[in-house]
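This briefing is meant for a reader who is meeting the structure for the first time. Please keep the sequence and the 3D view at hand while going through the points below.

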Amino acid sequence: MESFGSAALARLQQDLPEALRETHAQHGDATAVVEPARILDVLRLLRDDPQCAFDVLSDVTAVDYLPRRPRFEVVYHLYSIRSNQRVRIKAPVEEADAHLASAVPLYASANWMEREVFDLYGIRFDGHPDLRRLLLYDEFDGHPLRKDYPKERRQPLVGPRN
Amino acid sequence: MALLQFPGSPYQSDDDFERDLHTEHQLLNMGPSHPATHGTVKFLIELDGENIVNLDIQVGYLHRGFEKECESGTWYQCIPYTDRLNYNSAILANVGFCMAVEKLLGIETPERCQWIRVLASELSRIADHLTRCGAACLELQAMTPFLYGIEARELTWDHLEMLCGARVTSNYIRIGGVKHGLTPGFADSCRAYIARTRELLKDFDDVVTSNRIFVDRLVGTGVISREDCIRYAVTGPILRSAGEPLDLRKQQPYLVYDEIDFDVPIGEVGDNYDRYLVCVEEMHQSLRIVEQCLAKLEQLGPGPVNVADPRVRWPAKGRVFNHMEELIQQFKSVTEGPRVPAGEGYLAIESANGELGFYLVSDGSAVPVKVRCRPPSLINLAPMPDMLKGALLADLIPTFDFINMIGGECDR
């Protein structure tokens, strides 16, 4: 498990050193924290480079680290069928005007998962073809997975829409 | 049907006749409560006649705030919530979550526990596949095979009940072990169950697999290619039916799957019929795995099923009543549970629907910062509009059945 995804990290360090903030392999999970503005370059390199070939975007989610700054981190988990390796890419996102480039042009699976992150954390994805709420309804007020959203908070009742 | 040719008719052929009809697309609202969608999901379908032009899937009717609840309790309090993700195969979610926490804690579970976990996981997988295939038959108006499937599922749940006392929401797996070992008489009863389930699967196969109506409804419907599966990160039987032999039990063996002899069935074209065949074969493979687990557990003999680590292991009751230290440990274990070292980890297992992953973040306290469940049901559902563009409305039913979207896991 030692070399899990580390070839991908070496590749990133070699080709896009300026886009990398830090890397680690805690518990054997190769992880790279990248510049948010360069997220698409990083994902594109990992997908298209024949040595990496991370063809599956398994998961997109976010973590709220309130009160740390930058507050959010969008987390991508990539998997390569050919080399059977995983790598985790994290992009820090500031609270004010929280947004990040959408990965939909690279991975179709990002569509619903980014909608979910937008729904629950309020992070917008620029260039997303259909950025609507996924799990909650349009009239829902706020983004419930933010740490400052109280669990007990009630939502206003919404009548039928038609 | 040939058109009657009237003198002076502007229509020279059938095609001309249809071209001049002023038709318009119809919007059809299916769900969120519909007998053929076992699970609450709403389809907004744009129809041209009987053909699907556009499909918008609206999920979330069963959203309970799984992640929010987990982030406000202790690590132990998350386990019952994982039961309620996929209620057909609760143990698989239990195993996934507990193994992810163990990864952060750096715990290796005893061998006996790992075999019991595999045994329980495979029983769950059988129950899940039986529900999928049985319910699909029911929704295609075939009641008999559904009853065969449900009888086998009841037997499966009876054995899960023998194992842990609950049929559906098992709450059986613990961080660092399982609640308790096999109950007396379980192995013998389970062997009888395996024989009976094989008979029922044979009956199911006789009625369904070459049934003209069933085959016609399934062959060539809901097709998705291997490449599209990968683009959409689809996993599980859907991906395998499209010809990609990706099964995390083989690719990244966890627990003791690398010591077990089983095969991974794959399909060729990726239609609903292939998915059905893959699921049936996976049930036979799971029965094989259960047999091997029973034999191995007998060979291992009695032994611990929990780690001795005091961070996660509750003290023995006899000592709690008589010793101060154990009483304090018991109190701390119940009120706050384990403190997980700060860090993050992602662990994925092969659930009945595909890759079930848990991404956990801890800040070193007794309350998780983040419990992300990567739900295979949700991610497998996303390409459904692509699978059904241009298809008949009736094809939506078997396609949805074999995607096996489970509301609890999809909406969390």
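Predicted model: local features only at pLDDT ≥ 70, side-chain atom pairs only at ≥ 80, totals over all residues.

Strand S3 (residues 56–64) of chain A pairs with S4(A) in the antiparallel sense, and 8 bridges hold the pairing.

- S4(A), which covers residues 72–80, is mostly covered, since 9 of its 9 residues are buried.
- In a regular strand, the side chains alternate between the two faces of the sheet.
- Phe72(A), Val74(A), Tyr76(A), Leu78(A) and Ser80(A) point one way from S4(A), while Glu73(A), Val75(A), His77(A) and Tyr79(A) point the other way, and all of them are buried.
- S4(A) and S5(A) form a hairpin with 4 residues between them, and Asn84(A), which lies in the turn, has a positive phi of about 55°.

**The loop between S3 and S4 of chain A**

- Most residues other than glycine have a negative phi, and most peptide bonds are trans.
- The peptide bond from Leu66(A) to Pro67(A) is cis, with omega near 5°, and Pro67(A) lies in the loop between S3 and S4 of chain A.
- A cis peptide bond also runs from Arg69(A) to Pro70(A), with omega near -5°, and Pro70(A) lies in the loop between S3 and S4 of chain A.

**The largest nonpolar core**

- The largest nonpolar core has 159 residues, and those with the most contacts inside it are Val74(A), Ile123(A) and Val101(B).
- Helix H5 (residues 111–139) of chain B gives the most to this core, with 15 residues.
- Domain 1 (15–58) and domain 2 (66–309 + 338–411) of chain B both give residues to this core, so the core lies between them.
- Val74(A) touches Val60(A), Ala62(A), Ala91(A), Val93(A), Leu100(A), Val117(A) and Ile123(A), when residues up to four places away in sequence are not counted.
- In soluble globular proteins, nonpolar side chains tend to be buried together.

**Where chain A touches chain B**

- The contact takes 26 residues from chain A and 33 residues from chain B.
- On the side of chain A that touches chain B, the elements that give two or more residues are S3, S4 and helix H3 (110–121) of chain A, and the largest share, 6 residues, comes from S3(A).
- The residues on this side of chain A divide into 13 nonpolar, 8 polar and 5 charged.

- Chain B contains 18 helices and 8 strands, and its C-alpha atoms fill a box of roughly 105 × 45 × 35 Å, taken along the principal axes.
- Of the 412 residues in chain B, 51% are buried.
- Among contacts in chain B between residues at least 6 apart in sequence, 69% join residues at least 24 apart.
- The centres of domain 1 and domain 2 of chain B, taken over C-alpha atoms, are separated by 32 Å.
- Where these domains of chain B meet, 14 residues of domain 1 are in contact with 17 residues of domain 2.
- On the side of domain 1 of chain B that touches domain 2, strand S2 (42–48) and strand S3 (51–58) of chain B each supply at least two residues, and the largest share, 4 residues, comes from S3(B).

- Helix H4 (residues 90–105) of chain B has 16 residues and reaches 23 Å from its first C-alpha to its last, close to the 22 Å expected at 1.5 Å a residue.
- 16 of the 16 residues of H4(B) are buried, so this helix is largely enclosed by the rest of the structure, and just after H4(B), Gly106(B) takes a positive phi of about 70°.
- Leu255(B), although not a glycine, has a positive phi of about 45°, and its place is in the loop between helix H11 (248–251) and helix H12 (272–300) of chain B.
- Leu255(B) counts as buried because it has 20 C-beta neighbours inside 10 Å.

Note on methods
Residues numbered from 1 in each chain as written. Chains lettered and ligands numbered in written order. Expected span 1.5 Å × (residues − 1). Buried ≥ 20, exposed ≤ 12 C-beta atoms within 10 Å, placed from the backbone. Pairing = 2+ DSSP bridges. Core = buried A, V, L, I, M, F, W, Y, C linked by C-beta atoms within 7 Å. Domains from an automatic or database assignment. Contact = placed C-beta atoms within 7 Å. Nonpolar A, V, L, I, M, F, W, Y, C, P; charged D, E, K, R; others polar.
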